[in-house]
Amino acid sequence: MPAYIRKPQPAFAGLTLERVLSFRPALAVWGIGAGAAVALFASDIPLFQKDVLQKIPVINSYFTDKTPDSDKPF
C-alpha cells in the first residue's frame with residue numbers, strides 16, 4: 001500500500017480549495033494596499049469624505065468641514 005493516497009478534489013482551472021486558501025495572506029496585504037490607495041485618491045471627493053472618511057474615529061476631525069456658510073460659494 002502506498003504511503004500517500006491521492007484523493008480527488010474539486011478544482012476549477014487547476015486550482016483546488018487548498019491551493020486558493022494558501023493565497024490568503026498575500027491577498028490580505030494586497031487588499032489593504034488597494035483600500036489605502038482608494039482612500040488616498042478619493043479623499044478629495046466630498047461624498048467620499050462625508051460617507052467614509054468622517055466615520056473613521058481617528059481621522060474624522062481632519063475631514064470635517066469647518067468653513068462658515070458665508071464663505072461657501074454654493
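**View 1. Phenylalanine 63 and tyrosine 62.** Phenylalanine 63 is buried, with a relative accessible area of 17%, whereas tyrosine 62 counts as exposed at 67%. Buried means under 20% relative accessible area and exposed over 50%, with partly exposed in between (1.4 Å probe, protein chains only). The model is predicted: local features need pLDDT of at least 70, side-chain atom pairs count only at pLDDT 80 or more, and totals for chains, interfaces and linings use all residues. Residues are numbered from 1 along each chain as its sequence is written, and side-chain values use heavy atoms, with hydrogens and water left out.

**View 2. The aromatic pair.** One aromatic pair is found in a search of the whole structure. Tyrosine 62 and phenylalanine 63 form this edge-to-face pair, with 5.0 Å from centre to centre and 90° between the planes. Rings of Phe, Tyr and Trp (its six-membered ring) pair if their centres lie within 6.5 Å; planes under 30 degrees apart count as stacked, over 60 as edge-to-face and the rest as tilted.

View 3. Over residues 27–48 the chain is 82% helix and 0% strand, and the end C-alpha atoms are 25 Å apart. Helices (H or I, at least four residues) and strands (E, at least two) are DSSP runs, numbered from the N terminus.

**View 4. Elements of the chain.** The chain has four helices and two strands, in the order β-β-α-α-α-α from the N terminus on. Its C-alpha atoms fill a box of roughly 85 × 25 × 15 Å, taken along the principal axes.
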